[in-house]
Amino acid sequence: MSTLYAWLFDAYPSEAGMTTWWIDADGRAQALTDDLTPAFYVQGPHADLQALCLWLRARAPVPVSLQRTERTDLFLDRPIEVLAVGVPRPAAFQRLFRQTADAFPSLTYYDADIPLPQRYVLT
């Protein structure tokens, strides 16, 4: 693998993952694409989360990964059990989240409001 010394110019979700643009020392633009499966997290009653899983499997515009996990709620300062909804096509992330939140407004959502470029660059 070769090393690229460059300045980050842009980052955005694409169908293939996360696309970043870099400007190298000679002023040339380089585009790189990296795999990324962003997730948002959902908390609520077990029956509602089951309904959400069935709804996502039947109606999601892209296949999603669903997994129970624990995350720390910053306001409660303790771990809580949540459903992780992984979206393998980052370009579909915001649309899928919006459809999910509209269909299940009584659930609590985490990490959906952090822009994907910011999340990608900071991890």
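Here are some questions and answers about this predicted model.

Q: What pattern of helices and strands does the chain follow along the sequence?
A: Let's start with the overall build. The secondary structure comes to three helices and seven strands.

Q: What percentage of the residues of the chain count as buried?
A: The C-alpha atoms fill a box of roughly 55 × 35 × 25 Å along the principal axes. Buried here means under 20% relative accessible area. Of the 123 residues, the share that counts as buried is 33%.

Q: Which strands are the edge strands of the open sheet of four strands?
A: The sheet is open, with antiparallel pairing and the strand order β5-β6-β4-β7.

Q: Which residue takes a positive phi in the hairpin of β2 and β3?
A: Strands β2 and β3 run antiparallel and are joined by six bridges, and Thr20 stands opposite Leu32 in β3. Four residues sit between the strands of this hairpin. The residue with a positive phi, near 85 degrees, is Gly27.

Q: Is Ile23 buried, partly exposed or exposed?
A: Ile23 is found in strand β2, residues 17-24. Leaving aside neighbours within four places in sequence, Ile23 is in contact with Ala6, Trp7, Phe9, Arg28 and Ala29. Buried needs under 20% relative accessible area and exposed needs over 50%. Ile23 has 26% relative accessibility, so Ile23 counts as partly exposed.

Q: How far apart in space are Ile23 and Phe40, C-alpha to C-alpha?
A: Along the sequence, the two residues are 17 residues apart. In space, the C-alpha to C-alpha distance is 31 Å.

Q: Which element gives the most to the lining of the largest pocket?
A: This pocket holds about 270 Å³ of space. The elements that give two or more residues to the lining are β5 (65-73) and β6 (78-86). With three residues, the top contributor is β5.

Q: How many charged residues are in the lining of the largest pocket?
A: The lining includes Arg71, Asp73, Asp111 and Asp113, and Asp and Arg both count as charged. Tyr41, Leu74 and Phe75 are also among the lining residues. By class there are six nonpolar residues and one polar, and the number of charged ones is four.

Q: Which element supplies the largest share of the lining of the second largest pocket?
A: About 210 Å³ of space lies in this pocket, and the lining includes His46, Leu49, Gln50 and Cys53. Two elements, α1 (46-59) and β6, each supply at least two lining residues. The largest share, six residues, comes from α1.

Q: How many nonpolar residues are in the lining of the second largest pocket?
A: Among the lining residues are Pro45, Leu54 and Leu83, and Pro and Leu both count as nonpolar. The lining also has four polar and three charged residues. The nonpolar ones number five.

Key
Residues numbered from 1 in each chain as written. Predicted model: local features only at pLDDT ≥ 70, side-chain atom pairs only at ≥ 80, totals over all residues. Heavy atoms only, no water. Buried < 20%, exposed > 50% of the residue type's maximum accessible area, 1.4 Å probe, protein only. Contact = heavy atoms within 4.5 Å. 1 Å grid on protein atoms, 1.4 Å probe; cavity = no way out; pocket = protein on both sides within 12 Å on 5 of 7 lines; lining within 4 Å. Points joined across faces, edges and corners; volume = space filled by probe spheres on them. Pairing = 2+ DSSP bridges.
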